[in-house]
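Hi,

Here is the structure I promised to pass on.

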Amino acid sequence: MEQERLRNAIPPLLSWYRIHKRELPWRESRTPYGVLVSELMLQQTRVEAVKVRYVRFLERFPSAEALAAAPQDEVLKAWEGLGYYSRARNLHRAAKIIAAEGFPQTWSGVRALPGVGDYTAGAISSIALGLPFPAVDGNVLRILTRLFADPANIDDMGTKKRFAELLKAEYPPEAGEFCEALMELGAIVCVPNGAPLCGACPWSKLCLAHLAGKEEEFPVHAEKRARRIVSLNVYVIKCGEEYALRKRGEGLLAGLWEFPNFENDAPEFGKLLAKKSAKHVFTHIEWHMTGRLVEAEEKFPQFVWATAEQIRRQYAIPSAFKAFTEWVT
Ligand code: ADE
């Protein structure tokens, strides 16, 4: 039943995609390396934010060989603003493997690259290699649960697996287009927030949720777990023309540069010039930050000191601290 509904849904989806797809830089000239870079960037960052950074990244590192040869700090710097920096470290490691062994030619070879999970392996296999392996993310689960008016909990791994098998069995020869058409429908028509644009949907006559007027009752989610809240005192310490920075260790945002900050402590570093609050939401943690701009009389040796210009050019500071980088002038 579902299989047949899906089979009927594929031709109108592909026709719709060819006309309505967005022009995106990674859709212009496709190399497997370019697909890898774009898919890793798109894992946790919105398309709009990825666009310019993808173009810049490929100018800076046009091939896996160029990326493999670059120092890690430069790669992290080029990743700045995209967030979730472990992706940049994984991409760097993947580039070294590809530079040595060539781009993998099978799904399992792609899946074995650092930073590539089932979803990304499906996307790369379909788009770069033309292989029939689906990429099932939240967008794809949304359009399919609506197409079938399927009440399964989409946070359940079994649901994802079931839809992946359904798609795999119907994969058309245009593997890359099919994969991106599914994502595209979820991104621009069957949108995640607010009412879907059913008037523009190639599935409006096939979609059981739409036919029942119940689009927004799908997908069904498990209850969300609460995030851990961390209160931080963040210091932008200025001494002369330089600012204090510190390199983060293991864990969240590992290896990036940050302004000194303290969880249960608010030490004094000098004269207070300004104070403001900011919040940053990660997947499992929220930082509730109180930022202080202070003028210090000495360059405390536990920090690295850099000018505003050096910070802009050489130090990757996560966007979590964005509210306070404005003080670096
Ligand atoms: N999200 C993940 N992969 C994508 C792609 N290739 N195009 C648009 N959005 C995406």
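A word on the ground rules. This is a predicted model, so local features need pLDDT of at least 70 and side-chain atom pairs count only at pLDDT 80 or more, while totals for chains, interfaces and linings use all residues. Residues are numbered from 1 along each chain as its sequence is written, and side-chain values use heavy atoms, with hydrogens and water left out.

**Overall**

The protein has 14 helices and seven strands; these are DSSP runs numbered from the N terminus, with helices being H or I of at least four residues and strands E of at least two. Its C-alpha trace spans about 75 × 45 × 30 Å along the principal axes. Of the 329 residues, 48% are buried. Here buried means under 20% relative accessible area, exposed means over 50%, and partly exposed is in between (1.4 Å probe, protein chains only).

**The ligand**

Which residues surround the ligand? They are Trp26, Arg27, Glu39, Leu42, Val47, Tyr119, Glu180 and Met183, where a residue is taken as near if one of its heavy atoms lies within 4 Å. By class, that shell holds five nonpolar, no polar and three charged residues. The classes are simple: Ala, Val, Leu, Ile, Met, Phe, Trp, Tyr, Cys and Pro are nonpolar, Asp, Glu, Lys and Arg are charged, and the others, Gly among them, are polar. Two helices, α2 (32-44) and α11 (175-188), each supply at least two residues of the shell.

Glutamate 180 has a side-chain N or O atom 2.7 Å from a nitrogen of the ligand. For arginine 27, a polar side-chain atom is 3.2 Å from a ligand nitrogen, and for tryptophan 26 the corresponding distance is 3.4 Å. Taken alone the ligand exposes 260 Å², and the protein buries 91% of that (Shrake-Rupley areas with a 1.4 Å probe; for residues, only the protein chains shown count as cover).

**Helix α3**

Val47 from the ligand shell is also one of the buried residues of α3, along with Ala49, Val50, Tyr54, Phe57 and Leu58. The helix covers residues 47-60, which is 14 residues, and at 1.5 Å a residue it should span 20 Å. Its end C-alpha atoms are 20 Å apart, so the two agree; the expected span is 1.5 Å times one less than the number of residues. Where does α3 bend? The bend is at arginine 53 and comes to about 25 degrees, as the angle between axes fitted to the seven residues ending there and the seven starting there.

**Backbone details**

Phenylalanine 218 and proline 219 are joined by a cis peptide bond, with omega about -5 degrees. Proline 219 sits in the loop between α12 (208-211) and β1 (228-239).

Two non-glycine residues with positive phi are worth a look. Alanine 149 has phi of about 45 degrees and belongs to the loop between α9 (138-147) and α10 (157-169); it is partly exposed, at 26% relative accessible area. Leucine 253 has phi near 55 degrees and is in the loop between β2 (242-247) and β3 (257-258). With a relative accessible area of 9%, leucine 253 is buried.

**A few distances**

Tyrosine 171, in the loop between α10 and α11, is buried at 12%. Phenylalanine 300, in the loop between β6 and β7 (304-307), is buried at 14%, and its C-alpha lies 9.7 Å from that of isoleucine 237, 63 residues away along the chain.

Glycine 291 lies in strand β6 (residues 285-295) and is buried, at 0%. By contrast, leucine 273 in β5 (residues 271-281) is partly exposed, at 42%; the C-alpha atoms of leucine 273 and isoleucine 19 are 55 Å apart.

Cheers

How values were computed:
Polar contact = N/O pair within 3.5 Å; in protein donor to acceptor, adjacent residues only side chain to side chain.
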